[in-house]
Each structure stands twice: as C-alpha cells, then as structure tokens.
There are 2 protein chains.
Amino acid sequence: MDSVDTVQSTDRRTGSTEPVGPETTTEEVDRLVRAALDAAPGLAALGRAGRAALLRACADGLEDARAEIVRAADRETALGTVRFEGELTRTTFQLRLFAEVLEEGSYLEAAVDHAATTPMGPRPDLRRMLVPLGPVAVFGASNFPLAFSVPGGDTASALAAGCPVVVKAHGSHPATSELCAAVIARAVRDSGAPAGSFALVHGLRAGADLVAHPAVRAVGFTGSVRGAQALMDIINRRPDPIPFFGELASLNPVVVTLGAAAERAAAVAEQVVGSFTLGAGQFCTKPGLVLVPSGDDGDALVAAMADAVAAREPVVLLNDGIQESFSRGSEALAATDGVEVLARAGGTDPARVAPLLLGTTAGSLPPPVTEECFGPVSVVVRYDSRDQLLDAIDRMPSSLTATVHRGAADDPGLVAQVADRLQGHAGRIVFDDVPTGVAVSWAQHHGGPWPSTNSQHTSVGTTAIRRFLRPFAWQGAPQEVLPPELRDDEDLVPRRVDGVLRLRTPLGTDLGEDS
Amino acid sequence: MDSVDTVQSTDRRTGSTEPVGPETTTEEVDRLVRAALDAAPGLAALGRAGRAALLRACADGLEDARAEIVRAADRETALGTVRFEGELTRTTFQLRLFAEVLEEGSYLEAAVDHAATTPMGPRPDLRRMLVPLGPVAVFGASNFPLAFSVPGGDTASALAAGCPVVVKAHGSHPATSELCAAVIARAVRDSGAPAGSFALVHGLRAGADLVAHPAVRAVGFTGSVRGAQALMDIINRRPDPIPFFGELASLNPVVVTLGAAAERAAAVAEQVVGSFTLGAGQFCTKPGLVLVPSGDDGDALVAAMADAVAAREPVVLLNDGIQESFSRGSEALAATDGVEVLARAGGTDPARVAPLLLGTTAGSLPPPVTEECFGPVSVVVRYDSRDQLLDAIDRMPSSLTATVHRGAADDPGLVAQVADRLQGHAGRIVFDDVPTGVAVSWAQHHGGPWPSTNSQHTSVGTTAIRRFLRPFAWQGAPQEVLPPELRDDEDLVPRRVDGVLRLRTPLGTDLGEDS
C-alpha cells in the first residue's frame with residue numbers, strides 16, 4: 001500500500017504551510033461514493049422544497065462562517081479579502097437562486113400527453129420529466145475557491161437536481177475547501193438529507209478514482225484543457241462512458257471598432273486593462289486578445305492601455321505552477337516573431353509577476369497569440385480594414401465570450417457583421433462592457449464551443465441544472481407511481497399538456513372547484 | 001488512390017442485387033460537408049417559419065413518393081409493405097410535428113433578464129436563446145429504413161434546429177435511402193434553403209470521414225454498441241471532441257406480477273410474444289427478458305407464450321450479418337448452463353430464422369441472459385419471491401424501456417417498489433402495454449442510461465431537437481443585433497422574462513396598445 005501524503009495549506013504571501021489532513025485514499029473514495037449512491041434516493045425524496053431548504057441552509061451557513069472563509073481564501077490565494085467578500089456573496093446568491101429554480105419547477109420540463117388518437121393511431125398516456133442522474137463528481141477550480149469550487153455552481157446545481165456530490169478539492173485552497181465542506185455537511189444534516197449527499201476528497205489520485213468509479217454518473221470540471229483531457233481519457237476507458245461537463249480554455253477576444261476608438265479611447269482602455277488584470281488575470285473570461293484599429297485613434301487607445309498597464313503593481317498568482325506557467329508562456333509570447341512588448345508593470349519581487357501588454361498586427365497574427373495564456377497578459381492586435389478584422393475573427397479559437405466596443409459613428413452593418421462572426425466563436429457576446437464578472441441569472445450562459453467547453457450546457461446561471469438530469473417517461477402509469485408534478489389535476493409546476501405549455505395557476509385564482 | 005466500390009441494393013427475399021451508385025469518396029465527403037457548412041447561415045436565416053415549411057415539404061414529398069418508397073423498403077428488408085405504410089406515416093407525422101415545434105418556439109428556451117440591481121450588484125441586460133450547432137452527421141439505422149434513417153427523427157430534428165445534415169445511408173437499404181434523399185433534396189430546393197442543407201453518403205469509410213471532418217459539429221447514431229464505440233474512438237482522436245448522440249443496445253425487461261399472471265395470462269402472453277417478434281424482433285425496444293412468477297399462474301402464462309411462439313412463421317432478418325449474429329447469439333444463449341428452450345417456431349428454410357423462447361430462473365440468471373440479442377428471441381426468467389424479483393431487476397443493464405404487467409390483486413406497494421427499481425435501469429417505464437411502438441409526441445422519451453444510449457437526451461419526440469442546439473447569450477446587445485425572438489416587446493415565442501415564464505399573448509387578446 002502506498003503511503004498517504006499530507007495535504008498542505010499554503011499562505012500564498014509568506015509560503016508558510018499548515019497541514020490540512022491526509023490525501024483521500026482509493027478505499028476512502030470508494031466508501032464516500034458508495035455512501036453518495038446510497039444517499040441518492042433520500043436526496044431525491046427530499047423533494048424540491050426540501051432541497052431548496054438545503055441550498056438555503058448552505059447559503060446561511062456560508063454567511064455565518066463568512067469571516068473565517070474569506071480569511072482562509074485570501075490566505076491561500078493572495079487575491080484579497082475584498083474579492084472574497086464579493087465571491088462569497090456571489091456564492092450564496094447562487095445557492096439561493098437554485099432554491100428558486102426548484103420552487104419554480106420549469107427545470108423539470110414536465111410534460112403530459114393524455115391518451116389520444118393521432119394520425120399514427122392510438123397514443124398511450126405518456127408523461128415525461130427530468131430525473132437526477134445519480135452521484136456527481138465536482139472538480140473545484142483554482143481561480144474561484146468559492147464560486148467555482150466546493151460550494152460553487154456545480155455543487156449547487158447538482159444538489160438542486162437531486163444528485164449527491166463528491167467534490168475533489170483544488171490543491172491550491174484545501175483549507176478553504178474544508179471550511180466550506182463543513183458548512184455544507186452541516187446543512188445536509190440540518191436539512192434532513194442523507195449524510196452521503198455531500199463529501200470532499202483531496203489529491204490527484206482521489207480525483208482520478210472518482211471519475212473512474214462505477215457509481216459516479218457525471219463530472220463537473222473547471223480547469224485546463226490538459227486536466228480535462230486526462231479525465232476524459234479515464235472516462236473513455238470506463239465500460240460506461242459518463243457525461244463530462246468541462247469549462248476549459250478561453251481567449252475571449254475583444255473587438256474595438258473605429259467608432260469606439262475615436263469616441264472613448266480612454267474609457268475602453270480602462271475597461272479592457274481592468275478586465276484582463278482582474279483577479280491577477282486569472283479569470284476564465286479574461287480578454288486575452290484585443291483587436292484595435294490602426295490609425296491615430298487606435299494609437300491613442302493603445303497608448304492609454306500601455307499607460308494603465310505600466311502603472312499596475314506586480315501580482316501574486318494562485319500557485320507556483322500557474323506562476324511558472326505564466327512566466328514561461330508570456331515570455332514565449334513576447335519573444336514571438338512579430339510580437340512586441342507594449343507595456344510591463346514595474347517591480348522586481350521574484351514572488352510576483354508583472355502584468356504585461358503585448359502587440360502585433362492582424363496581418364501577421366502569429367499562432368501563439370490566439371492561444372489562452374492564463375494570467376495578466378493581453379495582446380493588442382491592430383487591424384487595417386474591415387476585411388482584415390473579419391478575417392482575424394475567423395482565425396480565433398472558440399471562447400466563452402467575445403466583446404465588441406462600438407461607437408455612435410460606426411456603420412451598424414459592420415457591428416451586425418462582427419457580432420454574427422463572433423457568434424460562431426463564442427458562447428456569449430458582450431457589447432460595450434467587460435467579459436469578466438459573469439452575472440448569475442436566468443438568461444446567463446457560460447459556455448461555448450471547444451476548447452472553451454466540451455458541452456452544450458452552461459456552468460453559470462439557472463440552466464446549469466440541466467447537466468445533472470436525464471429525461472424519464474412514464475407510459476400508462478398509475479397515479480400513485482407518478483411523481484407529484486406529473487399527476488392529474490396537479491398544479492405544482494409549469495407543464496406542457498398535450499403539446500400546450502401551461503403556467504401554474506396564479507395564487508388567489510378561483511378555480512370554481514371545491515376546496 | 002483506392003478503387004471505389006459500388007453500392008448494391010439487395011432484394012432481401014431473392015438475394016438479387018442492383019447497383020445504386022459508387023461509395024462516397026473522402027474527397028466527396030469533404031465537398032459535401034463544406035457545402036453543409038456554407039449552407040448553415042442560410043438554413044438558420046430561413047427562420048422558424050421557413051424551416052417549418054421545409055419539414056412539411058419533406059413530408060409532402062414522402063407522401064407523393066409513398067408507393068415507390070414502400071416498395072423499395074420492403075424489397076430491401078423483407079419486412080412487408082404494411083409495416084412500411086405505417087412507418088412512412090410515422091415519418092411524415094414526425095416531420096410535421098417538428099414543424100409545430102418550430103412554430104411553438106419553446107424549444108429556443110428564450111430568456112430575457114433586463115438590467116437590474118441584484119444582491120451581487122448591478123446586472124447587465126442578458127438574453128439567452130439556443131442556436132444551431134452547425135453541420136450534423138446522421139447514421140441511418142438498419143431496422144427503420146424510414147423513421148430512423150434518411151428522413152427520420154435525427155434528420156428532422158437537426159433540420160428543425162437549423163443544422164445542415166449529411167446522412168450516412170445504412171448499407172442494408174441504399175435504394176430506399178436514395179429515394180428519400182431525393183425527396184428531401186427537392187424539398188430543400190423548393191423551400192429556398194441552401195442546396196448544401198442536406199446530403200447523403202454511402203459506405204463505411206464515408207461514415208468515418210464524416211465523423212472525423214472538422215466542420216461536423218455533432219453526430220446522431222442509431223446502431224450497435226460496437227459501431228458506436230468505433231465512431232466514439234474517432235471523435236476522441238479529434239482535436240475538438242464533438243457530441244455523439246448514440247442509441248445503442250437495449251434489453252427492455254418485462255416484469256409480470258403474480259396478479260397479472262393470475263388475472264390475464266393469455267393476454268399478457270399474446271402482448272409479450274407479439275412485441276418481441278414484431279419486425280422480426282428487430283426493434284430497439286424488443287422485450288428480451290420477461291420476469292414471470294413461479295407457480296401455476298406463471299406456468300400457464302409461459303405455456304401460452306410457448307404456444308404462441310411455436311405457432312409463428314420463421315422470418316427473414318435485415319441482412320446476412322444480422323442473421324448470422326442472431327443465429328450465433330441465440331444458439332449460444334440456448335446452450336448456456338441453466339437456460340432451456342421453451343419453444344421454437346417451425347420451418348427449415350436456411351434463409352429464415354425461427355423465433356425462439358428460452359427459459360431460466362432468477363436464482364441462476366446466467367450473465368448472457370441479460371445482454372441484448374438482436375432478433376426474435378426472448379428469455380423467460382422465473383422468480384420465486386419479491387426479494388428475488390427485486391434482486392433480478394438490480395442485475396439488469398440499463399435499457400430504453402422497462403415494462404410492468406400488473407393485476408388488480410397485487411400489493412400496490414410492490415408495484416411502486418418495482419417501478420422505482422426499474423426507473424434506475426431505464427428511460428421509459430410502460431405499464432400493462434408493450435414497449436415496442438414508440439409514440440412520437442411531446443412527452444415521449446426514447447433514451448436511457450448506458451448501454452441503451454450515451455446521452456441525456458431523447459431520439460424520439462419533440463425534445464430530440466435539443467441535441468443539435470447550444471445556448472448563446474447576448475449581453476447589452478443593440479436590438480437590431482438580437483434575434484427577433486429576444487427583442488423588446490416581441491411576442492413570438494414563450495420566454496422567461498426576469499425569471500418569470502411567460503406564454504405568448506393568445507391571438508385576439510386586446511393589449512390596449514396602439515395597433
């Protein structure tokens with residue numbers, strides 16, 4: 001038997017470490033996943049109201065532990081307490097929003113087709129609804145220790161769906177993960193959900209064991225393409241492939257039109273630089289490439305960006321691996337033929353990296369420029385013409401986001417054409433704003449074609465719950481076997497009845513029936 | 001350069017062949033997929049009404065060519081003209097139903113979140129809708145030359161979604177495929193859709209080329225696990241994995257309760273035998289295993305099933321490969337320790353196979369008994385107790401369907417328990433009916449956990465369209481850039497506005513606004 005390593009929590013500013021506990025063994029992963037499997041019927045049986053209460057208990061518990069969690073996350077990442085006050089608020093908001101999703105009930109896609117005669121002959125009574133997949137493995141992200149980690153969107157949406165969750169903690173913030181896991185475990189207990197509904201594991205081997213485990217039915221992952229590919233390889237070796245929902249690499253190109261450059265160069269420069277240096281450039285929606293028109297207005301915009309970057313402080317990245325990878329990648333990018341350094345922040349602290357602005361032209365557009373480099377670097381790409389701009393867009397990889405800064409003087413046809421081209425390369429298009437800061441809402445989409453994700457789903461916003469559900473149909477079923485939402489004369493959720501979408505009867509409506 | 005083989009259409013009764021044309025070369029596949037890619041914007045721009053017209057034109061064209069198509073399909077499969085009259089009706093019904101789906105518009109999942117202040121701070125204007133994926137490769141199934149092949153559900157739902165389609169014809173019915181493809185190509189032309197919106201290819205290499213092609217964005221497949229795995233291997237070698245929607249192997253267990261056996265043994269026997277021999281046992285929902293209680297009532301049921309099977313005629317299977325595979329597989333099953341032959345249809349024609357009923361006990365339940373054997377064979381598994389029944393269910397692989405035949409005398413708790421167990425192993429549960437004959441409707445689900453499919457989606461029913469769509473979000477977008485369905489004050493489709501689901505305003509409603 002291999003010896004078990006100890007998980008260490010590192011103070012990212014001082015380098016001092018504290019032990020968190022042992023890495024999770026294969027045997028322990030097996031025990032936890034079996035417990036999750038055993039918990040699945042009980043978690044489903046809690047019902048929508050019971051799981052809504054569970055999610056709100058998680059949110060309340062995180063608020064109660066706010067000071068301690070913010071302190072731990074800041075200590076492990078050096079991202080600052082202000083950032084984590086906001087991220088914790090985002091995380092509790094998200095949990096509570098999924099409670100609303102449960103109460104609203106549309107997510108079930110409930111449909112009732114009564115027995116009928118059709119052109120195909122008699123049709124039996126058919127009723128369809130989404131049901132939970134079973135235990136879900138969630139991989140916490142390095143860059144959002146709360147909102148995309150233990151208590152984050154994958155966990156919230158999977159628990160909402162009725163799926164037990166086993167999270168693999170990210171190695172960069174194990175102490176924060178433990179604090180959050182304790183909150184969720186307490187909420188599980190207090191809400192009457194089975195104890196196996198939630199668990200936390202540590203270590204790379206535990207992550208691989210999770211993905212290979214026969215009882216795990218889906219994986220939620222936020223991380224690198226390389227990490228995703230390793231997990232997808234494990235899935236492809238399973239006798240039963242399972243769905244993998246990966247949020248991976250994203251370049252997030254920004255297009256600045258001639259009009260925007262002419263009308264508000266300073267404001268656009270401030271927005272773009274603020275966005276690509278936010279969180280030390282470690283957002284999945286960081287704008288990594290900015291298409292700026294050639295000419296005086298574009299020059300002024302680039303000069304303003306360069307000034308803003310030069311005035312930045314150097315920053316600490318999330319871990320040594322990311323720091324080394326950024327240093328290597330950004331220097332290789334800067335040394336690429338046709339790429340010049342436009343600005344670099346000051347400072348010589350070897351524990352920090354300097355935000356960096358590079359430049360090139362759309363005519364050359366050397367390939368490394370269109371690859372994501374995780375960290376505080378962005379490349380300005382100057383274009384001479386509409387054709388050169390559209391051609392450059394067509395050479396972009398797909399991203400989570402694409403952004404357009406427009407001006408009043410622009411040809412509206414150009415804006416429509418740019419938006420249309422960008423749609424093929426992104427999951428969200430942003431106008432006159434920054435791509436970072438992904439609002440959690442009903443209409444949000446955080447996803448996109450490969451390599452930004454491998455999925456047709458979102459990992460932010462209410463529809464993220466669809467990832468952890470599958471349809472199920474009941475044919476000619478007795479009422480008592482049907483879930484309440486599909487029974488006759490029930491008015492619990494919006495339903496499609498014989499093809500017609502029906503809302504719930506508003507409260508207070510007199511149905512003229514016996515009460 | 002390899003020589004190009006000729007595709008042959010075989011008269012399945014006489015063995016005589018006719019050339020259909022050459023197998024599609026790699027170069028031709030590339031040309032067709034590029035044409036599909038070029039057609040994508042035009043097909044999307046047709047809009048929902050334009051694509052609804054296209055689908056109805058396909059349906060009308062199939063009706064116009066009904067006699068010729070039915071004759072060709074019967075000739076290539078020996079399944080009989082009655083069957084194909086029905087299958088063609090099903091196919092046109094399905095095309096027209098997707099036209100209704102387009103007109104109704106809920107499938108877009110349109111959502112509008114207006115700019116607002118939230119606990120997370122200001123939220124921008126966000127609008128979300130599903131958009132087409134791009135060119136889709138469809139693999140026609142051997143067993144449904146119409147409803148699951150060239151003009152079938154995958155093609156209908158992909159075209160409805162706005163995705164150009166390239167179908168790989170099944171080698172067992174190339175002439176039928178060509179007839180149907182000509183109808184669709186004509187409908188494409190007449191509806192003003194770009195010519196590249198639809199194409200047909202022949203040959204195994206063409207299928208592999210399709211799945212590997214960079215411009216293909218998704219695959220719809222109905223066939224064997226082995227065939228699916230070969231295509232998934234190709235996908236896993238792509239630089240960009242694409243979604244694969246496979247409908248694969250399904251055992252479709254049937255549970256007969258003590259009550260059902262006691263109350264209507266003859267009727268249940270007739271239903272089950274009729275279902276497992278329908279289409280020569282070549283339905284994906286064929287009941288391949290029947291759990292029957294031990295004791296006199298169960299004995300009577302099994303005797304009735306055996307009589308019904310013995311009275312059947314031998315049948316011709318879809319092609320030589322399936323015929324050989326059935327003979328080998330069913331004989332191996334019959335020779336398995338603990339399995340006995342209960343009945344075999346008569347006849348000695350070597351070109352035909354005899355429907356076969358086998359028997360074993362839940363106590364032994366040898367493993368081959370729980371694997372799908374494609375063709376007219378089913379295994380009766382006798383159980384002695386509730387525990388033995390539930391244990392046997394837990395040992396079933398997942399299937400598209402599971403069926404329960406109940407009686408009035410049964411403990412309702414038993415039925416609920418059986419239904420609950422079966423739900424974990426199936427995509428649809430059928431009560432007191434047959435699993436074959438999958439109604440095309442809004443509430444239908446034709447899918448299930450691996451190995452019945454690898455997906456969380458259906459391949460039959462209106463929600464099949466979701467497979468070929470991805471979400472897209474617009475943030476702060478000008479009205480003219482938004483799709484019509486997301487513009488302010490539009491009432492084109494049901495939408496979720498600021499979290500609240502809203503139906504379209506019914507026709508004739510006076511909104512009190514200027515007209």
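Good morning. I begin with one pair of residues: the side chains of Arg496(B) and Glu104(A) meet in a salt bridge, with 3.1 Å from N to O. Please bear in mind throughout that this is a predicted model.

How many salt bridges does the rule find across the interface of chain B and chain A? There are 2 across that interface, and the pair of Arg496(B) and Glu104(A) is a salt bridge between these chains. Polar contacts are also present: 39 residue pairs, both partners at pLDDT 80 or more, are in polar contact across the interface of chain B and chain A.

Which elements of chain B supply the side that touches chain A? At least two residues each come from helix H4 (81–104), strand E3 (111–113), strand E6 (126–132), helix H13 (412–423), strand E18 (426–431) and strand E19 (469–475) of chain B. E19(B) gives the largest share of that side, 7 residues. Sorted by class, the side of chain B that touches chain A comprises 39 nonpolar, 16 polar and 14 charged residues.

Let me turn to the extent of the contact. Chain B contributes 69 residues and chain A contributes 69 residues. Between them, chain B and chain A bury about 5,900 Å², and 62% of this lies on carbon and sulfur atoms. Within chain B, the residues that lose the most area to chain A are Met120(B), Gln456(B) and Gln475(B), which together account for 14% of what that side buries.

The strands deserve a separate word. Strand E19 of chain A, residues 469–475, pairs with E18(B) in the parallel sense over 3 bridges. Gln475(A) stands opposite Val430(B), a residue in E18(B).

How are the two copies arranged?

I close with salt bridges in the structure as a whole. Over all chains, the structure holds 56 of them. One lies within chain A, where Glu85(A) forms a salt bridge with Arg66(A) and the closest N and O atoms are 2.6 Å apart. This pair links distant parts of the chain, 19 residues apart: Glu85(A) belongs to helix H4 (residues 81–104) of chain A, and Arg66(A) to helix H3 (residues 66–77) of chain A. Thank you for your attention.

Conventions: Residues numbered from 1 in each chain as written. Chains lettered and ligands numbered in written order. Predicted model: local features only at pLDDT ≥ 70, side-chain atom pairs only at ≥ 80, totals over all residues. Heavy atoms only, no water. Contact = heavy atoms within 4.5 Å. Buried area = accessible area lost by both parts, 1.4 Å probe. Salt bridge = Lys/Arg side-chain N within 4 Å of Asp/Glu carboxyl O. Polar contact = N/O pair within 3.5 Å; in protein donor to acceptor, adjacent residues only side chain to side chain. Helix = DSSP H or I, 4+ residues; strand = E, 2+ residues; numbered from the N terminus. Nonpolar A, V, L, I, M, F, W, Y, C, P; charged D, E, K, R; others polar. Pairing = 2+ DSSP bridges.
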